[in-house]
Amino acid sequence: MVQSTVRAGACKSLSMRIGVIGATGPAGRAVAAQFAAIGERVVVGSRSEERAAATVAELRERWPGRDLDLVAGVNRDACEADVVVLATPWEGVGATLDDLAGDLGGRLVISMVNALAKWGRYVVPLVPPTGSVTAAVALALAGSRVVGAFHNLPAGPWSDLDRPLDADVLVVAERRADAREVVALVDRLPGLRGVDAGNLANAAAVEALTATLVGINIRYKAHASIRLTGLHRD
Ligand SMILES: NC(=O)c1ccc[n+]([C@@H]2O[C@H](COP(=O)([O-])OP(=O)(O)OC[C@H]3O[C@@H](n4cnc5c(N)ncnc54)[C@H](OP(=O)(O)O)[C@@H]3O)[C@@H](O)[C@H]2O)c1
């Protein structure tokens, strides 16, 4: 059940709604804060409505000057949004989608899930039998429009609404129209540029790149993401 924290802003009722599954973690919080900051209504989803409510309270407390339109709910509530972002650990994806596949039918679902593991001192990519987590999500959600995006953004700095990242977001999808829709959505977020990076076969490279970036960020004590050169998209 969604806790009704929606305020009576006449303009906001027309906005697109973003739902985030697993929004209580660093990645989901960053997504929620960023979309709310550009005026979208965001359903902050969790397995526990209490944790979702606590996350909404924390985000509002962190950004008191911003009118963030955040609604706390369980993950099923997040599935009612126009666009649903999947932000759980890869280990939880199977059970989560088993539970929610029916609710996600016909929705535009963005997976930002990376499968990573520690290998000695290193963070390495795990490759699921489908080649990527995004492809596994697409297989599990045959009735949804599944797109991969946001994999390579470091959640900590991305959650800072006062300091936009300077990064490209690689967007992978089977259908170019879905990719274009997400590229346009990404372009609205401060500091980010969406790039159509091709079909789901390319998701493996995009997700694995995250392990490389994590290693770089540990080595250089940085928060690097990616920016492509030589691409004049518009
Ligand atoms: N952190 C980053 O910098 C970053 C950047 C890009 C992409 N990503 C990807 O985004 C996803 C989330 O990252 P994160 O760092 O936010 O992860 P996280 O904190 O470990 O998990 C996010 C949320 O998922 C829910 N969750 C945990 N285990 C679950 C399970 N077994 N089944 C269903 N839900 C579960 C929890 O919410 P509730 O307990 O409230 O349900 C948790 O707060 C990961 O796949 C990660 O690879 C992360």
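Start by selecting residues 203-220: this is helix α8, whose 18 residues reach 26 Å from the first C-alpha to the last, close to the 26 Å expected at 1.5 Å a residue (the expected span is 1.5 Å times one less than the number of residues). Helices here are DSSP runs of H or I with at least four residues, strands are runs of E with at least two, and both are numbered from the N terminus.

Before moving on, a word about the model. It is predicted, so local features need pLDDT of at least 70 and side-chain atom pairs count only at pLDDT 80 or more, while totals for chains, interfaces and linings use all residues. Residues are numbered from 1 along each chain as its sequence is written.

Which residues of α8 are buried? Colour Ala-203, Ala-204, Val-206, Glu-207, Thr-210 and Leu-213; buried means that 20 or more other C-beta atoms, placed from the backbone, lie within 10 Å of a residue's own.

Strand β6 (residues 116-119) runs antiparallel to β7 (residues 122-125), and four bridges join them; DSSP must find at least two bridges for strands to pair. Find Leu-116 and look across to Pro-125 in β7. Two residues separate the strands of this hairpin, and Gly-120 in the turn has a positive phi of about 60°.

Finally, select the ligand. Of the 26 residues around it, the nearest are Gly-22, Gly-25, Ser-46, Gly-92 and Ala-155 (a residue counts if its C-beta atom, placed from the backbone, lies within 6 Å). Helix α1 gives the largest share of this shell, three residues.

Key:
Buried ≥ 20, exposed ≤ 12 C-beta atoms within 10 Å, placed from the backbone.
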